[in-house]
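Let's walk through this structure together, one question at a time. Have a look at the sequence and the model first.

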Amino acid sequence: MKALHKNILDRLDQIINDTGKHIHDFIDDPHAFTRKRTLDAATVIKTTINMQRKDLASEFLRAFGQEAVKNDDKVVSYITR
């Protein structure tokens with residue numbers, strides 16, 4: 001049964017990564033996700049799926065950990081200020 005769960009999670013991860021690579025097929029704004037960002041489209045999708053109805057600062061700390069704050073990660077520092 002664990003193999004089935006791993007296969008499903010691997011497939012979901014692959015779908016999200018493929019969606020991130022072809023994000024412009026799914027959005028209307030041609031300027032969205034065009035610049036190099038700290039968080040790419042796939043990371044935004046994965047983080048959003050894993051949110052647990054907490055405030056955004058808590059969710060980013062949970063997703064990227066205290067190491068991101070210690071390393072002065074731009075996104076986490078901006079969100080948690």
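**Helix packing and salt bridges**

The buried residues of helix H1 pack against helix H2 (41-49). This is a predicted model, in which local features need pLDDT of at least 70 and side-chain atom pairs count only at pLDDT 80 or more, while totals for chains, interfaces and linings use all residues. Residues are numbered from 1 along each chain as its sequence is written, and side-chain values use heavy atoms, with hydrogens and water left out.

Q: How far apart are the end C-alpha atoms of H1, and what span should its 20 residues have?
A: Helices (H or I, at least four residues) are DSSP runs, numbered from the N terminus. The expected span of a helix is 1.5 Å times one less than its number of residues. For the 20 residues of H1 that should give 28 Å, which agrees with the distance between its end C-alpha atoms, 28 Å.

Q: Which residues of H1 are buried?
A: Buried means under 20% relative accessible area, exposed over 50%, and partly exposed in between (1.4 Å probe, protein chains only). On the other side of H1, Ala3, Asn7 and Lys21 are exposed. The buried residues of H1 are Ile16, Thr19 and Gly20.

Q: Within what arc do the buried residues of H1 fall, seen down its axis?
A: The arc is that of the directions from the helix axis to the C-beta atoms. The buried residues of H1 line one face of the helix, because they fall within an arc of 105 degrees.

Q: Which residues does Thr19 touch, leaving out those up to four places away in sequence?
A: Thr19 lies in helix H1 (residues 2-21), and its side chain reaches the backbone oxygen of Ile15 at 2.8 Å. Contact means heavy atoms within 4.5 Å. Not counting residues up to four places away in sequence, Thr19 touches Phe26 and Ile45.

Q: Which residue forms a salt bridge with Asp13?
A: A salt bridge is a side-chain nitrogen of Lys or Arg within 4 Å of a carboxyl oxygen of Asp or Glu. For Asp13, the closest N and O atoms of the pair are 2.6 Å apart, and the partner is Lys46. The pair links distant parts of the chain, 33 residues apart: Asp13 in helix H1 and, in helix H2, Lys46.

Q: Is Asp10 buried or partly exposed?
A: Asp10 meets Lys6 in a salt bridge (3.1 Å, N to O). Asp10 and Lys6 are separated by about one helical turn, because they are four residues apart in helix H1. With 40% relative accessibility, Asp10 counts as partly exposed.

Note on methods:
Helices (H or I, at least four residues) and strands (E, at least two) are DSSP runs, numbered from the N terminus. A polar contact is a pair of N or O atoms within 3.5 Å; within protein, one must be able to donate a hydrogen and the other to accept it, and residues adjacent in sequence count only if both atoms are side-chain atoms.
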